Amino acid sequence: MANNRTEIADIGGEFGLIDRIASQFNSQLSTTVKGIGDDSAVFDLGNEFGLLTTDMLIEGIHFDLTFHPLAHLGYKAVAVNVSDIAAMNGIPQQVVVSLGLSNRFSVEAVDELYRGIKAACDDYKVDLVGGDTTASRSGLVVSVSVFGKVAKEKIAYRSTARPNDILCVTGDLGGAYIGLQILNREKQVFVADPHMQPDFEGKEYVLQRQLKPIARMDVVYELEEAGVVPTSMIDVSDGLSSELHHICRQSGTGAVVFEDTIPVDEHTVLAATELNLGPITAAANGGEDYELLFTIRQEDHPKLKNNPNITFIGYMTGDADKILLRTKNGNVIPMRAQGWEHLSS
């Protein structure tokens, strides 16, 4: 009898695989509040909730050392995990870092990686408390876990948005994706002619967005100061459309997004135009911006309306999974989740 083989792409790629794994496990401990399915796992610590998240960055999949400096990579590895804690409205506390190293990495190279890790730990006020190192035959692997805490009444899940909530996003979108396109373009030029110097003039903003993203802990503190607890929240790692689909699917809601309110920095617009890419397409589907997408009650709007770090881009509806984009010319079209899918064919 032939063995049956199912491709991961056939069950919905990365997210289908996660759902399949989650369906096989039930929580056995009363202290486990939330397992698989949000930006962080949630544990009951008594007076508050504990948060735990982990992420892995693999050379050739998540980064290219041709153009990604090791110090920037170390910083990014911590920041993307801190961003998951921020997406739960929590405060990061401790970090564990594990490495897979091939023999092409020297002690000095590892020092440079940890220089970036230390800079991130200093910026986000977290302690590096351990990890593991092992040999790797496939280049560099960086795995980071972050533990954090949040007051029980202030936690924000993906699954608790409500119809008529206002949809908000921090910062601006699309820059990281455009930065990656610029880096890949210049790499191709270099491969074709190693004597050619890369042309990065005027591209500093989008390059920084890709190489050294910033977790928006500043906004978490600003929400605290304003007395606002998001009704739902997620970080934008796979693109605005994909993240909004997560919120809507888990909350049982729909959403309407106004195209002319989606924040895109002018540097991103200029670089996208040069690449013949649509800035809004990059913002909706690009990924790796690590901004926060969240919803608030309508009555909380006055508390945030003057915050320069937050843009109101739409609202939630009762039409489950019906996610619509109202274009600048007044048309209404479905927003499809076309963000990064690591395990698709």
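Is Y315 buried, partly exposed or exposed? Select Y315 to begin: this residue is partly exposed, with a relative accessible area of 33%. Here buried means under 20% relative accessible area and exposed over 50%, with partly exposed in between (1.4 Å probe, protein chains only).

The model is predicted, so local features need pLDDT of at least 70 and side-chain atom pairs count only at pLDDT 80 or more, while totals for chains, interfaces and linings use all residues. Residues are numbered from 1 along each chain as its sequence is written, and side-chain values use heavy atoms, with hydrogens and water left out.

**Aromatic pairs**

A pair of aromatic rings is described by the distance of the centres and the angle of the planes. Rings of Phe, Tyr and Trp (its six-membered ring) pair if their centres lie within 6.5 Å; planes under 30 degrees apart count as stacked, over 60 as edge-to-face and the rest as tilted. The count of aromatic pairs by this rule is 2.

Select Y75 and Y124 next. Their rings form a tilted pair, 6.0 Å centre to centre and with 50 degrees between the planes. Y75 lies in helix α2 (residues 70–86) and Y124 in helix α3 (residues 107–124), so that this pair links distant parts of the chain, 49 residues apart. Helices (H or I, at least four residues) and strands (E, at least two) are DSSP runs, numbered from the N terminus. Y75 and Y124 are both buried.

F258 belongs to strand β9 (residues 254–258) and Y315 to strand β11 (residues 310–317), 57 residues apart. F258 is partly exposed, with a relative accessible area of 26%.

With Y75 still in mind, select K212. The charged end of K212 sits over the ring of Y75, 4.6 Å from its centre. For this description, NZ of Lys or CZ of Arg must be within 6 Å of the ring centre and within 35 degrees of the ring normal.

**Salt bridges**

Side chains of opposite charge can pair when their charged atoms come close. A salt bridge is a side-chain nitrogen of Lys or Arg within 4 Å of a carboxyl oxygen of Asp or Glu. The model has 23 salt bridges by this rule.

Select K76, in helix α2, together with E288, in the loop between α9 and β10; the pair ties together parts that are 212 residues apart in sequence. Their side chains meet in a salt bridge of 3.1 Å, N to O. K76 is buried at 2% relative accessible area, and E288 is buried at 8%.

Next, select R158 and D39. The closest N and O atoms of this salt bridge are 3.3 Å apart. R158 is in the loop between β6 (141–151) and β7 (166–170), whereas D39 is in the loop between β1 (32–34) and β2 (41–44), 119 residues apart. Both R158 and D39 are buried.

Where is E291 placed? Select E291 in the loop between α9 (279–285) and β10 (292–296). At 1% relative accessibility, E291 counts as buried. Its side chain makes a polar contact of 3.0 Å with the side chain of R216. A polar contact is a pair of N or O atoms within 3.5 Å; within protein, one must be able to donate a hydrogen and the other to accept it, and residues adjacent in sequence count only if both atoms are side-chain atoms.

Leaving aside neighbours within four places in sequence, E291 is in contact (heavy atoms within 4.5 Å) with residues including V169, T170, L173, I234 and V236.

**Helix α7 and the cysteines**

Select L244 in helix α7 (residues 240–251). L244 is buried, with a relative accessible area of 0%. Beyond its neighbours within four places in sequence, L244 is in contact with L167, A255, V257, L293, M316 and I323.

Finally, select C168 and C248. C168 counts as buried at 0% relative accessibility, and C248 is buried, with a relative accessible area of 0%.
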